[in-house]
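Notebook open, model loaded. I wanted a quick look at the whole fold and then at a couple of its pieces.

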Amino acid sequence: MGKSCTSSIEQLTTLCSKGLIKQAFDTFKSELLSDPSIFSHLLKACIPTKSLSLSKQLHSLLITSGCSSDKFASNHLLNFYSKIGDLQSASALFRHLPRRNIMSGNILINGFVQIGDLESAQKVFDEMPERNMATWNAMVTGLVQFEFNEEGLELFKGMHELGFSMDVFTLGSVLRGCAGLRVVNAGCQVHGYAVKCGLEFNLVVGSSLAHMYMRSGRLVEGEKVIKSMPIRNVVSWNTLIAGKAQNGQSEGVLDQYNMMKIAGFRPDKITFVSVLSSCSELATLGQGQQIHAEAIKAGVSSVVAVISTLITMYSRCGCLEDALKAFWECEGADVVLWSSVISAYGFHGRGEEAIKLFEQMEQEGFEANDVTFLSLLYACSHCGMKEKGLELFDLMVQKYGLIPKLEHYTCVVDLLGRSGCLEEAEAMIRSMPVKADAIIWITLLSACKIHKNADMARRIGQDVLRQNPEDSALYVLLSNIHASAKRWEAVSEVRTAMRDRKVKKEPGISWLEIKNKVYQFRMGDNSHPQYMAIDLYLKELRSEMKLHGYVPDTGSVLHDMDNEEKEYDLAHHSEKLAIAFGLMNTPEEKSSFATLVDFITSRMGSVLVEITGKGRLYCTTTTEPKKNLPCTNETIGLFARGD
């Protein structure tokens, strides 16, 4: 009899595993009443296919057969409804269960967490007379997953006070909460607990620890945790790569990516997102194209997050057409991809196309989100479309009901500042409901520099420096504004304050990639083996530009230099050294490029440039430019004509 029963269960399991649920049901229908566990096998098999009609039949049979009092079978039915997202049926079943247990509550909590209904999950949690470790883990994980990090850590505290021991899942969730809040002190305490429990080398805990440190800006500690792990997996490598990307170590990302492959691990979609983002930051088109090919081979090139990163990478490397190709070739584009390609148009100074694409997106039934509007506001800001930008800001709030974030206000301030509406921009900063940061004030100060409003800059600068006394960018910008206005006493005051507070300016760096080799330049750097040749080429280029009417803007250079020294300083900025080196190694179209160089270096900030083997130049700026345009043959023609 025992053998027959075992054989029947094996047959049932085999049919269910093959997806032959209807056949399994018909075969064992007569045995359902005598063996309620058959219900469990059938219901479990219904989950992957979401077989609602069959599960409703089983639900009816469970009630009519009197088996609804079997906790095992009832919980499997509850689990089915929760897993397919039918929480209305799950809640109704839960309320009428004659014999609930902890498992019943845990299933329902996980179901609500799955659809993001944390309020209902919390209600079930609060009403449970008894809880176990899985209950607490489900609730803490849910809160952290949806970035209710403070609430998650508070719940964890209550769990700890009740004497529950933390397992790897608890520690992983709590550390992600610490990372979200960037509370490294609390994270260190959890780290200590993990060491005491002997769990610090667990793959889940180790990766979560490293993520917590890196997200909090403690890259060295995070890297140390990863390197101390005796065993690594793809998650560990991804944590290290993403941590370096988040902390601005783009070159380190590419190094770790290569080491990951050498170690025999296969990159996944998360790896490619981080690595392509770093290629985007470095504007290394050649490496970006190579990694794109590797993503195709890995079968992840159709993943939305990867496509979105590809669009950004190609856009920032000056290849708008390739960015658009990645978008249009994607089947089933979502709002993330639409937002990415709108941003690409804005980055290339094509605001009108960005607006048209947004209108097309609306017509196709996609609902814009806060990222979409950030991309649109950026596009309007960099194309001088003030009225349209303000109209979109109102649309975002009134039609879509979105609450503007600091980034949206910064874009609007930039929009107003570029248009010369400095008082209006200042009023927005002072009246907005979110706290201003250094970036939004620097944006306004940059507008003051453009429109030569030194009085406003001085007034605002004093307030901002009190709030951000360690921000070197503020001092440099204020000094340049005063220098442009010939206020040398004010320049001296700013530089003295900077010196007294021991604030040091990070030197500007420009990167240049020629035939897959990256070169780095700093202002006045004479360590390059071809420095003498670069210096000579710059002199020739400067002389040629002067013949075409070029006059160096020496207004913001220190006043205790003669004109020749000022010109030399201007000519040896890091971006000019990089572009000169690139032009020396690019024989084609020198005269057209020379026309462009003046525009880039005199009106934009630091420039990241790339020159391919075909002699095409791409650049992106590391500071806010007046107008961001790709340096391609198309735009060269515009500047050559004086457009």
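This is a predicted model: local features need pLDDT of at least 70, side-chain atom pairs count only at pLDDT 80 or more; totals for chains, interfaces and linings use all residues.

I started with how elements get counted: helices (H or I, at least four residues) and strands (E, at least two) are DSSP runs, numbered from the N terminus. On that basis I get 35 helices and 4 strands in the protein. Numbering runs from 1 along each chain as its sequence is written, and side-chain values use heavy atoms, with hydrogens and water left out.

**Whole protein.** I looked up burial next (buried is under 20% relative accessible area, exposed over 50%, partly exposed in between, with a 1.4 Å probe and protein chains only). Of the 643 residues, 49% are buried. For contacts I used heavy atoms within 4.5 Å. Taking contacts between residues at least 6 apart in sequence, 61% join residues at least 24 apart.

**Helix 7.** What does Ser-104 touch, leaving out residues up to four places away in sequence? I find Asn-75, Leu-78, Phe-94 and Leu-97. Ser-104 sits in helix 7, residues 102–114, and is buried at a relative accessible area of 0%. After the helix comes Gly-116, with a positive phi near 80 degrees.

**Helix 16.** I checked its length against the expected span (1.5 Å times one less than the number of residues). Helix 16 has 13 residues and reaches 19 Å from first C-alpha to last, close to the 18 Å expected. Its buried residues, including Val-253, Leu-254 and Tyr-257, pack against helix 14 (219–228), helix 15 (234–246), helix 17 (269–282) and helix 18. Gly-264 follows helix 16 and has a positive phi, near 95 degrees.

**Helix 16 against helix 18.** Axes here are lines fitted to C-alpha atoms, for helices over the stretch in contact, and angles run from 0 to 180 degrees between N-to-C directions. The axes of helix 16 (residues 250–262) and helix 18 (residues 285–297) come within 13 Å and cross at roughly 35 degrees. Which residues make the contact? From helix 16 I wrote down Leu-254, Tyr-257 and Lys-261, and from helix 18 Gln-287, Ile-291 and Glu-294.
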